[in-house]
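Student: Please show me the chain, and then let us discuss its fold.

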Amino acid sequence: MNDVYQRTVLITGASYGIGAATAREFGRRGAHVLLLARTQSALEEVARDIRASGGAASVYPVDLTDARAVADVARQVLAATGPPDILLSNAGAGRWLFIDETTPEEAVAMMAMPYFAAFYITRALLPAMRARGSGHLAYVNSPASLVVWPGAAAYTAARWALRGFVEAVRAELHSTRLRVTTIIPGLVATTYFEHNPGVLERVPELARRLLPVLTADQAASAIVDGLARGKREIVLPGMLRLLYAAYTVAPGLVQYLTILSGAKRSPDQTGR
Ligand SMILES: NC(=O)c1ccc[n+]([C@@H]2O[C@H](COP(=O)([O-])OP(=O)(O)OC[C@H]3O[C@@H](n4cnc5c(N)ncnc54)[C@H](OP(=O)(O)O)[C@@H]3O)[C@@H](O)[C@H]2O)c1
């Protein structure tokens with residue numbers, strides 16, 4: 001179990017939030033962490049912290065929604081360190097908007113990040129991981145990939161696309177030694193809510209009442225431990241696991257309660 005900490009771990013969305021905290025956690029445990037996101041200054045700061053705590057870090061600034069830029073970065077990574085032992089696709093964005101509030105451009109952007117971003121980085125690195133015959137692919141998704149609530153249509157569709165993609169990756173790697181993990185966090189206090197205004201206000205009452213808000217460090221530690229154990233799914237916190245179990249037993253009821261406790265508008269509330 002401990003040897004994952006000695007490995008090369010590529011993390012997308014490593015400049016802020018869950019990705020940055022997970023990168024620091026892997027660094028503290030001795031990994032070489034490859035940090036990808038757009039904001040170079042923030043990536044450098046995370047890299048400095050990792051080096052100060054005894055790990056190694058390399059910074060790769062990139063817009064992950066740009067397929068060509070992702071292919072370039074992947075080539076640089078492969079030339080510098082070879083295929084990563086763990087690929088953690090964590091970068092994500094997306095506001096929670098009703099359908100008529102969502103411009104076509106925003107709907108496309110929400111598909112680009114996180115779904116296409118996960119597709120591009122996987123496509124670019126998977127052949128080298130397969131050729132080596134080992135590796136671990138992990139994807140951060142959202143509870144919206146399981147249960148739907150009102151006022152987040154394009155966000156939800158993109159998370160279902162990501163979920164479908166991850167299950168397809170799992171199916172393609174069935175007879176190999178490569179592992180695939182889905183990570184589903186509940187509410188984590190990060191810059192997500194500044195980067196995507198209005199999301200917090202539309203969290204369904206059911207989640208607001210039942211789910212404790214985790215710190216990014218708590219989420220990171222659960223993610224690193226779960227990956228070290230090779231878990232197929234990492235759902236956090238425990239209360240979300242419980243809701244997930246309830247959904248498995250009574251999907252209609254949990255879905256109904258989520259919709260009932262979600263964002264509401266009066267019939268004349270349309271437009272942005
Ligand atoms: N926070 C929560 O409560 C929560 C709950 C469930 C799931 N999640 C998921 O967890 C993941 C991490 O979220 P977070 O809370 O840490 O959010 P965050 O603080 O907003 O961080 C998002 C990360 O994604 C990167 N990113 C966004 N667009 C990018 C692009 N085009 N190219 C490259 N990198 C890009 C950002 O870096 P740059 O801006 O520097 O590019 C940043 O590092 C997301 O997939 C999110 O949906 C979060």
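Student: What share of the 272 residues in the protein chain is buried?

Tutor: This is a predicted model, in which local features need pLDDT of at least 70, side-chain atom pairs count only at pLDDT 80 or more, and totals for chains, interfaces and linings use all residues. Residues are numbered from 1 along each chain as its sequence is written. A residue is buried if 20 or more other C-beta atoms, placed from the backbone, lie within 10 Å of its own, exposed if 12 or fewer, and partly exposed in between. Of the 272 residues, the buried share is 43%.

Student: Which residues of H5 are buried?

Tutor: Helices are DSSP runs of H or I with at least four residues, strands are runs of E with at least two, and both are numbered from the N terminus. What covers the buried residues of H5 includes helix H4 (104–132), strand E5 (136–140) and strand E6 (179–185). The buried residues are Ala154, Tyr155, Thr156, Ala158, Arg159, Leu162 and Val166.

Student: How many bridges join strand E2 to strand E3?

Tutor: Two strands pair if DSSP finds at least two bridges between them. Strands E2 (residues 32–37) and E3 (residues 56–61) run parallel, and the number of bridges joining them is 6.

Student: Which residue in E3 does Leu34 stand opposite?

Tutor: E2 and E3 are parallel partners. Opposite Leu34 stands Ser58.

Definitions and conventions:
Contact = placed C-beta atoms within 7 Å.
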